[in-house]
Amino acid sequence: MAPWLASMGYDQWILHLLLILPLLGVIPVVLGSAAAARRTALVVTLAELLLSLGLWWAVDTRPGTLQLTASIPWIPAWGISYAVGIDGISLMMVLLTTLLMPLCVLGSWNSITSRERGYYALLLTLLTGVIGVFIATDLFLFYVFWEVMLIPMYFIIGIWGGKNRLYASIKFFVFTMAGSLLMLVAILVFAWTVAGGTGTLSFAYQHLLDNAAVAGRSAPWLFGAFALAFAVKVPVFPFHTWLPDAHVEAPTAGSVLLAGVLLKMGTYGFLRFAVPFFPGVAMSAWVTNLILVLALIGIVYGALVAMVQPDIKKLVAYSSVSHLGFVMLGIWAATVQSLTGAMMVMIGHGFSTGALFFLVGMLYERRHTREISAYGGIARVVPVFSLLFTVVALSSIGLPGLNGFVGEFLVLLGSFKTHPLAAGIAATGVIFAAAYLLWALQRIIFNRLDQRENESLTDLSVRELAVLLPLVAGILWMGLYPAPVLRRIEPAMMRFVQTVRGPIGYMNVALRAPERER
Amino acid sequence: MTFPLLAVVAAAAPEAPTGVVQWIWLAVALPLAGFLVNGALALRRPQAKTAVSVIGVGVLLGAFVVAAAAFAELRAHPPEAPLIVQLWRWMPVGFLDIRFAFQVDQLSAVMLLVVTGVGSLIHLFSVGYMHADEGYARFFSYLNLFVAFMLVLVLGASLPVLFVGWEGVGLCSYLLIGFWYAVEANSDAGKKAFLVNRIGDFGVLIAMFMLWWSVRSLDFVTIAERAPLRLAAGGTLVTTITLFLFLGCAGKSAQIPLYVWLPDAMAGPTPVSALIHAATMVTAGVYLVARTNFLFSLAPLSSAVVAGVGAVTALFAASIGLRQYDIKKVLAYSTVSQLGYMFLGVGTGAYVAGIFHLVTHAFFKALLFLGAGSVIHAMHHAYHATHSQQDAQDMRNMGGLRRHMPWTFALMLLATFAIAGVPPLSGFFSKDEILSAAFGRGQTQPIWILFWGMGLLAAAMTAFYMMRLIAMTFLGQNRTGEVERQHLHEAPWVMTGPLLVLGVLSLAGGLLNLPALVGGGAALERWLEPVVAVASRQMPLVMPEGPLEWALVSGAVIVALAGLLVGWRLTLARPIPTAEDAPEEVGFGRVLNRKYYVDELYDALIVRPLVGISRWILWKGIDQGVIDGIGANGSAGFLRGLGWLGSRLQSGQLGFYVVVFVLGAVWILRAVAR
């Protein structure tokens with residue numbers, strides 16, 4: 001850790017501050033005027049971002065274990081504590097969240113015109129919930145944060161959403177609630193089972209991980225419950241149908257957070273909990289085959305369905321199904337390259353899909369339609385918008401040199417060792433991705449400018465550029481020089497491979513070249 | 001599956017190169033900077049055409065100087081191994097350690113010179129050709145970006161870095177084909193090019209994965225070292241790897257079955273067709289096979305496939321070229337056909353001959369395209385002056401242009417003789433070397449005699465359709481129109497100047513690799529010797545010598561001359577009707593004119609079914625019908641019904657149900673778990 005950070009005791013307070021700051025921010029947002037709400041929220045989220053940046057240097061990701069850990073008994077009688085910690089995986093997810101959040105506030109600047117205080121208060125609550133999910137190291141606490149995140153999103157869709165918002169928000173709620181209740185059950189039963197074996201009732205992550213073998217014959221059921229909860233969130237085919245509806249109806253910031261962060265809570269759950277707890281079940285032949293088949297369906301089917309969507313937002317939503325399929329493939333291939341790649345897809349998707357949703361939102365604010373057929377030829381009137389749209393789409397297509405490629409390449413390369421056929425089928429996803437995005441690009445910004453309403457479109461404002469440029473910069477940086485990010489993820493993934501494959505399997509797929517300097 | 005820990009043998013770290021070579025990244029950085037500046041100008045000051053021209057052409061000349069300096073240094077101090085310029089660590093994960101690094105050796109030096117040299121000329125030509133276009137700055141920014149990516153492609157020291165350039169040039173090709181995007185056909189063509197190339201890129205990806213897990217490296221130098229040890233010669237693994245690589249090459253270099261995008265790509269401005277779709281990008285596939293010659297020479301079957309596909313494509317595309325009327329379409333099919341020759345060369349193991357033809361083709365085909373550009377420029381100008389809606393690219397509307405554009409005529413005629421293989425022009429030497437090598441291999445493997453025969457037949461067709469192009473465009477009576485004829489004129493010097501330089505190169509390009517037969521020293525052969533050393537040991541060539549060689553050469557020359565003569569006489573035998581008055585094509589001519597209906601076939605068999613299935617079965621059927629209809633909403637309806645029942649019995653509080661649900665589920669799970 002950098003000395004200047006250490007001298008502030010940064011590692012002692014940062015995680016707790018990241019959790020509490022947004023909640024504290026809710027107070028001035030609610031008490032202040034409606035007009036001031038967005039400014040307060042921006043200040044709070046920017047402060048959160050600045051504070052979180054120190055983690056980049058403060059977290060020692062090399063051991064691959066949880067760092068900056070802290071644990072305070074919360075309900076000692078039930079073995080529940082307030083426990084947090086962070087490793088390379090959580091580090092990236094936290095930073096992705098804190099980066100997207102101020103952009104979301106800026107992106108909502110003019111589009112949210114009613115009940116601003118409630119909106120920004122919910123956004124800040126959501127921030128706490130998401131950060132909590134990624135750093136909680138007590139399963140009960142994790143569940144609490146999971147719910148804390150769920151409810152604001154439900155309201156954001158249900159109140160500030162589009163015409164069909166009620167249907168979408170209830171569908172979102174039912175799907176994810178069913179999943180999360182199942183997860184609560186699994187957490188409770190798992191903790192009790194472990195308590196039965198060890199004599200200690202505790203929801204602490206490490207305790208459960210160390211003694212997960214106690215679960216014995218109930219492991220398949222517990223894994224199933226966890227897996228179902230996370231699979232709905234990812235979403236894995238066939239649990240994905242809530243996603244297009246939720247995205248289409250959600251306000252822009254809702255879509256950005258949904259795609260950018262919330263979906264990754266599902267894959268994060270697999271990486272952190274479901275698979276390491278029950279590697280015997282997760283990596284058993286038939287579960288592996290099932291997941292791989294579903295992941296491949298997600299990749300190909302998501303892309304094909306995206307191709308024929310008449311609504312831009314739905315197109316982007318289905319593309320998420322496709323991208324997240326790569327993540328699932330990467331996790332189950334379980335080589336250090338495929339896992340690191342999966343993480344890169346998660347981050348990269350946050351940037352590119354986040355930016356895509358912002359761009360679609362900016363179009364919507366101008367024309368109040370998301371129908372692809374309502375556009376065409378607008379590159380002529382909004383060149384800057386079109387340029388950024390193209391760059392972001394290319395990143396999503398996986399053009400080498402932009403961030404999407406790094407993740408997909410590593411996932412596919414890593415998977416090819418253990419599942420060559422699956423990797424081969426998944427690689428066709430790169431063809432379909434180009435098909436749906438280039439076709440959409442053509443129908444939106446190219447072709448003839450044949451609708452009068454589009455002739456008077458205004459190009460991006462400074463505020464909109466401020467929203468997009470950080471994302472585009474990240475897209476370029478992580479495409480050209482991802483090494484610093486990869487370096488921070490890799491050790492945690494090595495540990496994951498060790499956990500799920502045992503020492504021998506670990507040697508086979510993850511060994512590090514000894515001569516390589518760090 | 002396990003692998004031995006021995007896989008961790010460290011590759012001998014090459015020492016960093018000194019001198020000019022360490023600055024080779026400048027050759028990429030300059031066009032890249034040009035892209036950024038011209039791109040900014042395109043957004044902010046699209047009218048600053050002088051600045052755009054100076055920057056756009058200047059960065060190319062700068063890159064050419066860097067390339068020439070590197071070439072000179074390589075000549076002065078020939079390195080034993082390729083010089084590797086390390087830039088930064090790109091993707092280090094586990095064993096995988098992909099660095100962003102450039103490789104300078106004899107092969108990349110040749111490609112550098114071609115790309116920056118021909119590129120500079122075409123940039124210069126574009127100053128005149130595009131001058132009236134409102135997207136002038138945008139055009140030059142794309143063109144600069146293309147050159148930057150093309151140089152990454154030829155300089156990449158590993159497959160992934162090459163792949164950055166490989167897909168990058170694909171992107172620029174997409175943007176430039178659809179440059180005039182307001183016309184839907186143009187943006188369709190750009191999209192088609194990108195998508196078809198992506199099918200090929202899929203092959204390159206798979207090849208990379210297979211290579212990595214079998215050889216444990218993606219660096220060309222390391223693969224070359226390890227491949228003979230790790231990959232059994234003629235084995236399934238190396239054959240599969242090379243076939244997947246070749247799929248990529250077939251996409252990028254427009255070979256059967258992925259050639260369909262290139263003729264459509266003519267929708268782009270003509271300088272683009274010259275630079276990207278004739279001289280440089282489309283030859284990348286040939287370059288890749290030559291670059292990985294140490295793999296292809298281990299896989300005789302793959303090499304035969306490469307040669308076979310090349311020969312068939314050469315013949316197939318040439319036959320389509322016989323019956324096209326759009327001047328650029330003729331040249332496009334000609335390019336597909338000539339690329340087929342190059343693959344016939346590298347597939348035969350005549351890597352140097354393949355590269356030689358790549359270089360000479362870059363000269364004469366760039367000249368032909370730019371000449372066609374000059375013609376179109378004049379035709380367009382003439383029709384524009386009279387507001388005529390006639391097709392400025394249809395050769396049936398031309399004729400007799402030699403009187404109006406003597407320079408263009410003379411130079412295009414020269415290029416026509418070069419591509420037809422008339423001695424002593426450049427194309428004669430390079431094409432002859434390929435055909436001789438194929439014939440030579442035919443001595444031991446008879447199938448190559450067939451390939452050679454196809455090549456010879458394609459050569460006859462080439463001579464025919466090229467002379468037909470010259471005759472229809474420049475000879476005979478003019479058919480442009482009485483008024484329009486007054487406006488036909490030679491292009492400005494900024495356009496004919498580059499043509500002249502390319503003319504000299506087409507004329508004298510043969511000097512690069514003059515065979516011993518005519519007392520030459522085979523300079524290119526010796527220059528590239530280190531690059532193909534391994535391959536020429538593994539897959540030695542037997543070149544015909546003595547009387548047989550003389551017989552082959554004479555045969556080829558006779559075929560070329562006959563083709564030219566027949567093309568000339570037959571085209572002018574009858575008066576040519578203008579495009580408007582032309583009768584419908586009939587019989588086999590129609591099949592050729594409609595390009596064997598391959599596009600229609602792909603559309604009916606692949607594109608339409610895929611979109612239809614996606615829309616009606618996957619989306620409306622499975623997603624909305626099955627999952628949502630029966631699954632989600634159905635169960636919601638079921639729950640609603642249950643809730644109604646519950647509300648009759650209970651309070652109907654949601655919280656109550658949640659509690660019941662949780663407790664019930666806990667109970668069930670515990671019961672099962674026990």
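Predicted model: local features only at pLDDT ≥ 70, side-chain atom pairs only at ≥ 80, totals over all residues.
Modeller: Local features here need pLDDT of at least 70, side-chain atom pairs count only at pLDDT 80 or more, and totals for chains, interfaces and linings use all residues. Residues are numbered from 1 along each chain as its sequence is written, while chains are lettered from A and ligands numbered from 1 in the order in which they are written.

Biologist: How many helices and strands does chain B have?

Modeller: Chain B has 25 helices and two strands. Helices (H or I, at least four residues) and strands (E, at least two) are DSSP runs, numbered from the N terminus. For chain A the count is 23 helices and two strands.

Biologist: What does the globule rule say about chain B?

Modeller: Chain B has 674 residues, and a compact globule would have a radius of gyration near 26 Å. The value for chain B is 29 Å, which agrees. Its C-alpha trace spans about 100 × 65 × 55 Å along its principal axes.

Biologist: What makes B:Asp432 buried?

Modeller: The cut-off is 20 or more other C-beta atoms within 10 Å of its own; 12 or fewer means exposed, in between means partly exposed, and C-beta atoms are placed from the backbone. B:Asp432 has 25 such atoms, so it is buried. The residue lies in helix α17 (residues 426-442) of chain B.

Biologist: Which residues does B:Asp432 touch?

Modeller: Leaving out residues up to four places away in sequence, B:Asp432 touches B:Gly421, B:Val553 and B:Ala556. A contact needs C-beta atoms, placed from the backbone, within 7 Å.

Biologist: How much of each chain is buried?

Modeller: In chain B, 56% of the 674 residues count as buried. In chain A, 63% of the 518 residues do.

Biologist: What makes helix α10 of chain B mostly covered?

Modeller: Ten of its ten residues are buried. Among them are B:Thr270, B:Pro271 and B:His277. They pack against several helices of chain B, including α3 (106-129), α4 (136-155) and α14 (327-348).

Biologist: Which residues have the most contacts inside the largest nonpolar core?

Modeller: They are B:Leu151 and B:Ala366, in a core of 462 residues. Such a core is a set of buried Ala, Val, Leu, Ile, Met, Phe, Trp, Tyr and Cys residues joined through C-beta atoms within 7 Å. Helix α15 (residues 351-385) of chain B gives the most to this core, with 20 residues. B:Leu151 has several partners beyond four places in sequence, including B:Ala27, B:Val28 and B:Leu112.

Biologist: Why are α5(B) and α6(B) called roughly antiparallel?

Modeller: Their axes cross at roughly 170° and come within 8 Å. Axes are lines fitted to C-alpha atoms, for helices over the stretch in contact, and angles run from 0 to 180 degrees between N-to-C directions. Under 35 degrees counts as roughly parallel, over 145 as roughly antiparallel, 65 to 115 as roughly perpendicular and the rest as oblique. So α5(B) and α6(B) are roughly antiparallel. Among the residues that meet are B:Trp166 in α5(B) and B:Phe194 in α6(B).

Biologist: How do you know that α18(A) and α22(A) are oblique?

Modeller: Helix α18 (residues 403-418) and helix α22 (residues 462-480) of chain A pack at about 40°, with axes 6 Å apart. That angle makes them oblique to each other. A:Asn403, A:Phe405 and A:Val406 of α18(A) make the contact with A:Ile475, A:Met478 and A:Gly479 of α22(A). These residues divide into four nonpolar, two polar and no charged. Ala, Val, Leu, Ile, Met, Phe, Trp, Tyr, Cys and Pro count as nonpolar, Asp, Glu, Lys and Arg as charged, and the others, Gly among them, as polar.

Biologist: How many residues does each chain give to the contact between them?

Modeller: Chain B gives 55 residues and chain A gives 64. On the side of chain B, the largest share comes from α6(B), with 14 residues. That side has 38 nonpolar, six polar and eleven charged residues.

Conventions. Contact = placed C-beta atoms within 7 Å. Rg over C-alpha atoms; globule rule 2.2 N^0.38 Å.
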